Amino acid sequence: MWIYEKKLQFPVNIKTPNPALAKLIITQLGGPDGEMGASTRYLSQRYSMPYSEVVGILTDVGTEELAHQEMVSAIVHQLTRNLTTDQILDGGFAPYFVDHTTGIYPSSATGEPFTAATLQSTGDPIADLSEDLAAEQKARLTYDNILRFCDDRDVADPIRFLREREIVHFQRFGDGMRIVQDALDYKNFYAYNPAFDKK
Amino acid sequence: MTRRINKDVLKRMQQLDFAIWETALYLDGHPENTQALNYYKKLIAMREDAKKDYEANVGPATHRDVKCDRWTWVDEPWPWQNEV
Ligand SMILES: [Fe+2]
């Protein structure tokens with residue numbers, strides 16, 4: 001089970017609203033490579049993972065992604081405080097605003113609601129970890145793209161932190177892949193699925 | 001590594017934690033209720049007492065509770081792995 005800890009993993013203190021930027025950053029909450037998908041993916045994949053160390057990695061990274069959802073939500077919230085209707089219109093924020101006002105709704109930059117259709121839980125350790133490695137790179141590049149539009153340090157600092165975490169998670173899933181492969185036959189890693197087939 | 005867990009000690013902690021949880025939920029909507037707050041504090045004290053027994057007979061509840069000279073956090077079983 002989980003217990004909530006009442007603090008952010010990294011501070012978020014934004015003074016200047018920027019609804020146009022908020023509309024881009026929300027994608028890292030509910031978009032195709034966002035934090036909600038990340039935590040759902042890793043926490044779902046744990047049950048079929050036969051190697052305990054890798055269950056630990058999936059649990060701890062999946063839990064950290066929950067904390068990242070909170071950070072991304074805090075950034076979007078602080079970027080959309082005290083908006084005038086002119087700021088809403090000029091920032092291209094009006095379509096989001098009519099549906100959600102300034103509430104936090106998990107969606108992509110193009111407005112698609114969060115969907116589990118962008119993630120997989122295959123029940124095959126090598127396939128799952130390959131997906132996880134790719135997911136971390138996709139999240140990293142999305143943060144890189146967001147940073148192209150961040151001239152406010154108050155926004156860029158926590159986004160850079162989140163970007164860095166994707167690189168660390170990629171490394172840790174690499175450890176997981178090594179653990180899985182060490183447990184299998186190096187001549188043919190795909191001879192059987194250790195999560196399903198009897199050897 | 002696989003560790004044998006004491007199911008009675010586990011169940012005792014689940015009961016305590018559920019009581020704590022339920023009381024916290026109530027207190028969220030009634031933060032001025034001293035009777036509920038005192039009950040909450042009593043449960044937390046009971047949990048403190050039960051913690052050593054839990055860690056010795058079940059394992060670390062969070063990775064911050066690892067006290068061994070080995071990373072027992074990744075010992076089996078995980079909570080969904082029951083014996084059949
Ligand atoms: Fe990540």
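This is a short tour of a predicted model, stop by stop. Residues are numbered from 1 along each chain as its sequence is written, while chains are lettered from A and ligands numbered from 1 in the order in which they are written. In this model local features need pLDDT of at least 70, side-chain atom pairs count only at pLDDT 80 or more, totals for chains, interfaces and linings use all residues, and side-chain values use heavy atoms, with hydrogens and water left out.

You will find 8 helices and 0 strands, in the order α-α-α-α-α-α-α-α from the N terminus on. Helices here are DSSP runs of H or I with at least four residues, and strands are runs of E with at least two.

Next, switch to the C-alpha trace of chain A, which spans about 65 × 35 × 30 Å along its principal axes.

Now show the surface of chain A. Its accessible area, from the Shrake-Rupley method with a 1.4 Å probe, is about 10200 Å², and carbon and sulfur atoms hold 55% of that. Of the 199 residues in chain A, 42% are buried (under 20% relative accessible area; exposed means over 50%, and partly exposed lies in between, with a 1.4 Å probe and protein chains only).

Select A:Cys150: it counts as buried because its relative accessibility is 12%. Then select B:Cys68, which counts as partly exposed because its relative accessibility is 46%.
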